[in-house]
Amino acid sequence: MERVYNFSAGPAVLPEEVLREAAGEMLNYRGTGMSVMEMSHRSRAFEEIITTAEQDLRDLLKIPENYKVLFLQGGASQQFAMIPMNLMKNRVADYIITGQWAKKAAAEAEKYGKVNRIASSEDRTFSYIPDCSDLPVSEDADYVYICENNTIYGTKFHQLPDTKGKTLVADVSSCFLSEPADVSKYGIMYGGVQKNIGPAGTVIVIIREDLITEDVLPGTPTMLTYKTHADAGSLYNTPPAYGIYICGKVFQWLKRMGGLEEMKRRNEEKAKILYDFLDASRLFKGTVEKKDRSLMNVPFVTGDGELDARFVKEAKEAGLENLKGHRSVGGMRASIYNAMPRAGVEALVAFMEKFEKENLA
């Protein structure tokens with residue numbers, strides 16, 4: 001069977017070039033006689049893999065020297081607890097609620113201190129990003145938290161909030177490496193890699209060095225202390241070795257593609273094809289305010305639940321997979337991450353045009 005166009009929100013499409021390369025090295029990684037899945041994380045071969053991966057990521061994002069790159073486990077959801085455990089010195093934090101993941105992160109942080117929800121878009125089903133130009137940032141807040149791209153709802157902060165000097169912490173899981181970013185504006189930028197970078201099981205944390213201290217909340221486990229992993233170069237325990245290896249290959253693929261400026265150009269081009277169709281369509285409509293639309297996740301509906309279900313079923317039969325919207329909102333969602341080719345978006349729009357003609361006849 002030939003490969004489908006996979007619009008899954010995560011685990012998501014990976015570059016075919018990377019998968020072929022990994023397949024070629026599956027049984028014998030560069031003369032070691034074994035797979036990366038089998039090798040010791042203390043071996044010279046793996047040391048080279050993780051060191052190269054970190055350097056390539058630093059090159060892509062132009063990460064300043066006073067930031068550490070950590071390859072961890074537990075997914076983005078574990079960071080919901082790890083962040084307050086390590087950063088909540090005053091036991092106060094401000095959260096901007098733009099979707100389910102920010103909501104869950106805020107609820108988790110409440111176990112460790114006071115959480116102020118200083119802005120929210122829940123009043124209109126998270127279909128927009130609230131104005132964050134003059135927020136009521138708490139004087140004693142340890143940090144301000146955002147989920148930068150909202151996978152479920154298809155919104156994106158195109159301008160970072162004014163945190164009035166407070167540390168910005170951002171979950172960038174679903175927009176990681178989709179465009180250039182100024183890392184120096186963040187205290188912590190982190191994300192699960194299974195959306196835009198690699199296989200599920202790895203989370204990358206980019207953290208400013210002054211935030212890595214022994215002064216963590218009492219009872220914080222050794223494994224949930226950033227200093228533990230920073231001091232050990234992400235090798236305190238056995239890391240998600242194969243996941244890091246694939247991430248490293250994706251970083252190299254991104255470099256070959258022309259870096260993040262080129263990815264942004266491609267992503268804007270792909271998203272425009274789909275959004276232009278949605279804006280002109282008589283059957284389908286996008287659910288997000290235009291100024292806040294994500295380049296990565298595009299939710300849309302027909303307004304009829306039965307028709308939505310038929311669309312998803314027939315799209316699957318046409319080789320367009322995983323277009324069903326998140327269970328909490330229904331409808332459809334096309335995730336068009338870096339590795340989704342333009343041809344995939346064009347095939348989706350062609351199918352939508354055909355479906356529209358058949359169902360508005």
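Mentor: Before we start, rings of Phe, Tyr and Trp, the last by its six-membered ring, pair if their centres lie within 6.5 Å, with planes under 30 degrees apart counted as stacked, over 60 as edge-to-face and the rest as tilted. Please keep in mind that this is a predicted model.

Trainee: How far apart along helix H6 are Tyr242 and Tyr245?

Mentor: Helix H6 covers residues 241–257, and the two tyrosines both belong to this helix. Because they are three residues apart in H6, their separation is about one helical turn.

Trainee: Which parts of the chain does the pair of Phe284 and Phe300 tie together?

Mentor: These two rings form an edge-to-face pair, with 5.8 Å from centre to centre and 80 degrees between the planes. Phe284 is buried at a relative accessible area of 1%, and Phe300 is likewise buried, with a relative accessible area of 1%. Phe284 lies in the loop between helix H7 and E11, whereas Phe300 lies in strand E12, so the parts tied together are 16 residues apart in sequence: the H7–E11 loop and strand E12.

Trainee: Which strands pair with E12, and over how many bridges?

Mentor: Strand E12, residues 297–301, has five of its five residues buried, and both of its faces are covered, with Asn297, Pro299 and Val301 on one side and Val298 and Phe300 on the other. Phe300 is the bridge partner of Gly286, while Pro299 stands opposite Arg333 in E14. The pairing is antiparallel with E11 over two bridges, and antiparallel with E14 over four bridges.

Trainee: Is Leu27 buried or exposed?

Mentor: Leu27 is found in the loop between helix H1 and helix H2, and together with Met26 and Met37 this residue forms a nonpolar surface patch of about 340 Å² of accessible area. The relative accessible area of Leu27 is 72%, and the cut-off for that class is over 50%, so Leu27 is exposed.

Trainee: What distance separates N and O in the salt bridge of Glu16 and Arg20?

Mentor: Both residues lie in helix H1, four residues apart, about one turn of the helix. Glu16 is partly exposed at 37% relative accessible area, whereas Arg20 counts as exposed at 58%. Their side chains meet in a salt bridge with an N to O distance of 2.6 Å.

Trainee: How many residues apart are Lys249 and Glu25?

Mentor: Lys249 forms a salt bridge with Glu25, the closest N and O atoms being 3.1 Å apart, and both residues are buried. Lys249 lies in helix H6 and Glu25 in the loop between H1 and H2, so that the pair links distant parts of the chain, 224 residues apart.

Trainee: Which residues do salt bridges that share partners join into one network?

Mentor: The structure holds 36 salt bridges, one of them between Arg342 and Glu346 at 2.7 Å. Arg342 counts as partly exposed at 39% relative accessibility, and Glu346 is partly exposed at 35%. The network formed through shared partners joins Glu17, Glu21, Glu25, Arg30, Lys249 and Arg256.

Conventions
Residues numbered from 1 in each chain as written. Predicted model: local features only at pLDDT ≥ 70, side-chain atom pairs only at ≥ 80, totals over all residues. Heavy atoms only, no water. Buried < 20%, exposed > 50% of the residue type's maximum accessible area, 1.4 Å probe, protein only. Pairing = 2+ DSSP bridges. Patch = residues over 30% accessible without salt bridge, like charges linked within 9 Å, V, L, I, M, F, W, Y side chains within 5 Å. Areas by Shrake-Rupley, 256 points an atom, 1.4 Å probe, with all protein chains shown as cover. Salt bridge = Lys/Arg side-chain N within 4 Å of Asp/Glu carboxyl O.
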